[in-house]
Amino acid sequence: MSRCVVILACALYLAACGPRVLEPDAPYDCERCADWNKPQDPFRVYGNTWYVGTEGLSSILIETSNGLILVDGGLAQSAPLIDANIRELGFDPLDIKAIFVSHAHFDHAGGVNALQRLSGAAVYTSDNGVTTLGTGRLEYGDPQYVADSDQGSFPATRNVVVVADGGAVTVGDVAVTAVYTPGHAINSVTWTWESCVLGSCYSVVYADSLTAVSARGFSFGASGAAAAMIESAGKIADLDCDILLSPHPFFFGMHDKLERLDEGNPFINELACTFFAEEALGWLEQRLDAEGS
Ligand SMILES: [Zn+2]
């Protein structure tokens, strides 16, 4: 073989099958971003379910019999940390087949585009999330929407697919079910799946944020977002729920639980979803009081 042919063959191999690396999008700038994006060692939550996010923004990896599932992508600048955490656990981010988004805000969907581009995965959301993920811009009706502003915008994502409320997506031996839980965002989805070890199976619930945080001038009471959130909290409290996860680690006491790993698995707690919902309703009440609703 001539040297030219060898070089051409090598170039074609690298283009088609060579190592692909993550190309992050431009970082998002916000007051809490640096704190949220501090590195966090990845760890196994239970069975097929791993934490691969940052200190303040969750990303969950699910191992299936036919590739990987990722839930949430943090900020744009979280994507390289998530990529590194997945590799540290011995998995290949190129094996991600599906990315589920809790809600389309910059701090959970910002890193999705880079991870989607790397893996070619499909990105799953609610019917209200498709346009926001596809454009990277918030829509009217979202509590954090600001008219005539790109505030809160994030990298637009390709390959976005709708999952109906109650619908499921199956990757290998894992089925992930969507439970629409709007309130914090118009497109909030709580995702649930089962994780088994030697016949001990637990229901994992990735409950979306239920915090009444908004742009200035938005009224949770008047807009109906409060009513939606109350209904969503009820749905989450009623779920079959053994392990609670959520987009911000403090919602499920992750750092405290990591301190208590020697007492068995502190992530297994069948009351966690009920407490999560009750706490959220308490915060909402405070917000409605402040609004005068
Ligand atoms: Zn949010």
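A quick definition to begin: buried means under 20% relative accessible area, exposed over 50%, and partly exposed in between (1.4 Å probe, protein chains only). Helices (H or I, at least four residues) and strands (E, at least two) are DSSP runs, numbered from the N terminus. This is a predicted model, where local features need pLDDT of at least 70 and side-chain atom pairs count only at pLDDT 80 or more, while totals for chains, interfaces and linings use all residues. Residues are numbered from 1 along each chain as its sequence is written, and side-chain values use heavy atoms, with hydrogens and water left out.

**Stop 1: helix 5**

Select residues 112-119. That's helix 5, and seven of its eight residues are buried: Val112, Asn113, Ala114, Leu115, Gln116, Leu118 and Ser119. Now show what is in contact with them (heavy atoms within 4.5 Å). The cover includes strand 4 (67-71), helix 3 (79-88), strand 5 (96-100), helix 4 (106-109) and strand 6 (122-125). Step just past the end of helix 5 to glycine 120, which takes a positive phi of about 75°.

**Stop 2: salt bridges**

Here a salt bridge is a side-chain nitrogen of Lys or Arg within 4 Å of a carboxyl oxygen of Asp or Glu. The count by that rule is five.

Stay on helix 5 and pick arginine 117. What is its salt-bridge partner? Aspartate 25, with the closest N and O atoms 3.5 Å apart. This pair ties together distant parts of the chain, 92 residues apart: aspartate 25 sits in the loop between helix 1 (3-17) and helix 2 (33-36), arginine 117 in helix 5. Arginine 117 is partly exposed, at 30% relative accessible area.

Aspartate 83 is buried at 9%, whereas arginine 87 is partly exposed at 36%.

Then jump to helix 10 (residues 272-291), where arginine 287 and glutamate 291 are also four residues apart, about one turn. Their N to O distance is 2.8 Å, and glutamate 291 is partly exposed at 25%.

**Stop 3: the zinc ion**

Finally, select the zinc ion. Its donors (N, O and S atoms within 2.8 Å of the metal, or 3.2 Å for Na, K and Ca) exclude water, which is not among the atoms, so sites may look incomplete. His103 (NE2), His105 (ND1) and His184 (NE2) coordinate the zinc ion at 2.1 to 2.2 Å. Along the chain the spacing reads H-x1-H-x78-H. Histidine 103 and histidine 105 are both buried.
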